[in-house]
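Please read this short report alongside the sequence and the model.

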Amino acid sequence: MEFHIRPMNQADIDGVLLVERQSFITPWSRKAFEAECENELAYYLLLLEGHQIIGYGGMWVIIDEAHVTNIAVSRGYRGLGLGRRLLLAMMADAKKRGAASMTLEVRTGNTVARKLYTSLNFKERGIRPGYYSDTHEDALIMWRDAL
């Protein structure tokens, strides 16, 4: 298998929506991704096998901070280290864009994602109680101070 990463554009939304719907209880809508494509603070990267979108990650870069909005890998490609590869690419891109640190929220029950973030030196810095409207689950706020 050969994988590559490239920036997302509006024409990629259908493929991103397939990954999104497999990955989240309450997936983002087409409109949400269209708005992100127009948002000058938003940057999205795609993970592809050939021409097939198998993952994506998005972030906002505001002054010197990058905020991960979402990151997902298709079901059949999980456990291969591709989420790590995608997040590392996002971190490098954020750094190129002037970010010195990166933050994200993760469901407290998402142990797989939390393990990935911790392995990349993200630290737990707080909790947003009831953050996820679909399940009212808390979000753990994590930061990586140095990109």
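Which element gives the largest share of the lining of the largest pocket? Strand 4 does, with 7 residues. This is a predicted model, in which local features need pLDDT of at least 70 and side-chain atom pairs count only at pLDDT 80 or more, while totals for chains, interfaces and linings use all residues. Residues are numbered from 1 along each chain as its sequence is written, and side-chain values use heavy atoms, with hydrogens and water left out.

**The pocket**

The largest pocket has a volume of about 1,100 Å³. Its lining consists of 34 residues, and Phe 24, Ile 71, Asn 110, Ala 113 and Tyr 117 lie nearest the centre. Two or more lining residues come from each of helix 1 (13-23), strand 4 (65-73), helix 3 (82-96), strand 5 (101-107) and helix 4 (111-119). Helices (H or I, at least four residues) and strands (E, at least two) are DSSP runs, numbered from the N terminus. By type, the lining divides into 18 nonpolar, 10 polar and 6 charged residues.

**The rings**

The whole structure holds 6 aromatic pairs. One of them joins Phe 33 and Tyr 44 edge-to-face, at 6.3 Å centre to centre and with 75° between the planes. Phe 33 belongs to helix 2 (residues 30-38) and Tyr 44 to strand 2 (residues 42-49), so the pair ties together parts that are 11 residues apart in sequence. Rings of Phe, Tyr and Trp (its six-membered ring) pair if their centres lie within 6.5 Å; planes under 30 degrees apart count as stacked, over 60 as edge-to-face and the rest as tilted. Both Phe 33 and Tyr 44 are buried. Trp 28, Phe 33, Tyr 44 and Tyr 56 form one aromatic cluster.

**Two single residues**

Met 1 is found in the segment before strand 1 (3-7), and Val 73 is in strand 4. The table gives their relative accessible areas, where buried means under 20%, exposed over 50% and partly exposed in between (1.4 Å probe, protein chains only).

| Residue | State | Relative accessible area |
|---|---|---|
| Met 1 | exposed | 69% |
| Val 73 | buried | 9% |

Not counting residues up to four places away in sequence, Met 1 touches Glu 49, Tyr 77 and Leu 80. With such neighbours again left aside, the contacts of Val 73 include Val 19, Leu 47 and Leu 82. Contact means heavy atoms within 4.5 Å. Met 1 and Gly 50 are 49 residues apart in sequence and 8.7 Å apart in space, C-alpha to C-alpha.

Note on methods: On a 1 Å grid over the protein atoms alone, a cavity is a set of points where a 1.4 Å probe fits but cannot get out, and a pocket is an open set with protein on both sides within 12 Å along at least five of seven lines; lining residues have an atom within 4 Å of a point. Grid points are joined across faces, edges and corners, and a volume is the space filled by probe spheres set on the points. Ala, Val, Leu, Ile, Met, Phe, Trp, Tyr, Cys and Pro count as nonpolar, Asp, Glu, Lys and Arg as charged, and the others, Gly among them, as polar.
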